[in-house]
Amino acid sequence: MTHVVLLGDSIFDNGAYVRRGEPDVVKQVQAKLPQGWTATLRAVDGAVATGVLSQLSRLPSEASHLVVSAGGNDALRSSGILREEARSVAAVIGRFAAVQDEFARSYRAMLDAVLERRLPTAVCTIYDARFPDPQEQRLVVTALSIFNDVITREAFARRLPLIDLRLICDEPDDYANPIEPSAKGGDKIASVIAQVVAGNTIFPRSQVYAR
């Protein structure tokens with residue numbers, strides 16, 4: 001039996017943000033998996049990367065595949081840096097470097113714990129979000145690159161499949177609000193998750209999935 005477990009944050013736990021009557025991501029994943037396969041949600045809206053540790057304690061005993069989407073809330077917690085004053089470009093880069101170092105430590109510790117389960121695992125990047133103000137959007141995408149650099153490096157270093165949400169949720173209506181996926185965006189995410197787990201039982205090497 002194949003049992004896919006979704007870990008992380010509201011990219012997967014988006015039921016509160018889709019329109020009434022529309023499915024959330026875990027229901028969309030379930031609908032796209034082969035008959036007899038199961039999808040379970042353990043991701044929690046608002047969770048940071050280290051929050052995945054508590055989710056691991058509630059894994060179904062028959063879990064066979066793990067998919068992790070974490071880091072967006074870590075970035076959100078650090079977003080105040082975008083409004084701080086600085087006297088030089090070097091000072092700005094130094095602050096971003098400190099944020100990146102802290103996230104890298106948290107993300108590595110989380111992935112270590114996930115991989116201790118010895119189950120096929122895929123990880124997701126943080127998508128670009130959709131803010132109505134073009135200048136804010138530009139700043140956010142640039143700032144998110146320091147978090148996505150950590151995620152991609154860790155995925156490739158550990159030979160994990162990488163689901164690049166930046167390339168999947170690439171249209172305005174993929175978002176229910178600036179930072180949460182809509183039912184349309186969730187459907188696109190679910191399609192790629194199903195593709196990853198249905199096509200790979202061992203995940204022997206890194207591969208980027210974009211559609």
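So, UniProt lists residues 6-185 as "domain: SGNH hydrolase-type esterase", in an unreviewed entry; positions there follow the numbering used here, feature names are shortened, and annotations may be inferred rather than shown by experiment. Over residues 6-185 the chain is 43% helix and 13% strand, and the end C-alpha atoms sit 16 Å apart. Helices (H or I, at least four residues) and strands (E, at least two) are DSSP runs, numbered from the N terminus.

Quick housekeeping. This is a predicted model, where local features need pLDDT of at least 70, side-chain atom pairs count only at pLDDT 80 or more, and totals for chains, interfaces and linings use all residues. Residues are numbered from 1 along each chain as its sequence is written, and side-chain values use heavy atoms, with hydrogens and water left out.

Okay, two helices. The axes of α4 (residues 89-115) and α5 come within 10 Å and cross at roughly 35 degrees. Those axes are lines fitted to C-alpha atoms, for helices over the stretch in contact, with angles from 0 to 180 degrees between N-to-C directions. On the α4 side, the contact (heavy atoms within 4.5 Å) includes F103 and Y107, and on the α5 side F147 is one of the residues. By type, the contact residues divide into 11 nonpolar, one polar and three charged. Here Ala, Val, Leu, Ile, Met, Phe, Trp, Tyr, Cys and Pro count as nonpolar, Asp, Glu, Lys and Arg as charged, and the others, Gly among them, as polar.

Now, how are F103 and Y107 arranged? They form a tilted aromatic pair, 5.4 Å centre to centre with 45 degrees between the planes. Rings of Phe, Tyr and Trp (its six-membered ring) pair if their centres lie within 6.5 Å; planes under 30 degrees apart are stacked, over 60 edge-to-face, and the rest tilted. Both residues lie in α4, four residues apart, about one turn of the helix. Together with F147, F103 and Y107 form one aromatic cluster.

Buried or exposed? F103 counts as buried because its relative accessible area is 3%, and Y107 is buried too, at 0%. The cut-offs: buried is under 20%, exposed over 50%, partly exposed in between (1.4 Å probe, protein chains only).

Also in α5 (residues 134-157) is N148, which is buried at 3%. Leaving out residues up to four places away in sequence, N148 touches T125, I126 and R166.

Last stop, M1, in the segment before β1 (3-8). M1 is exposed, at 67%, yet touches G36, T38 and S64, again not counting residues up to four places away in sequence.
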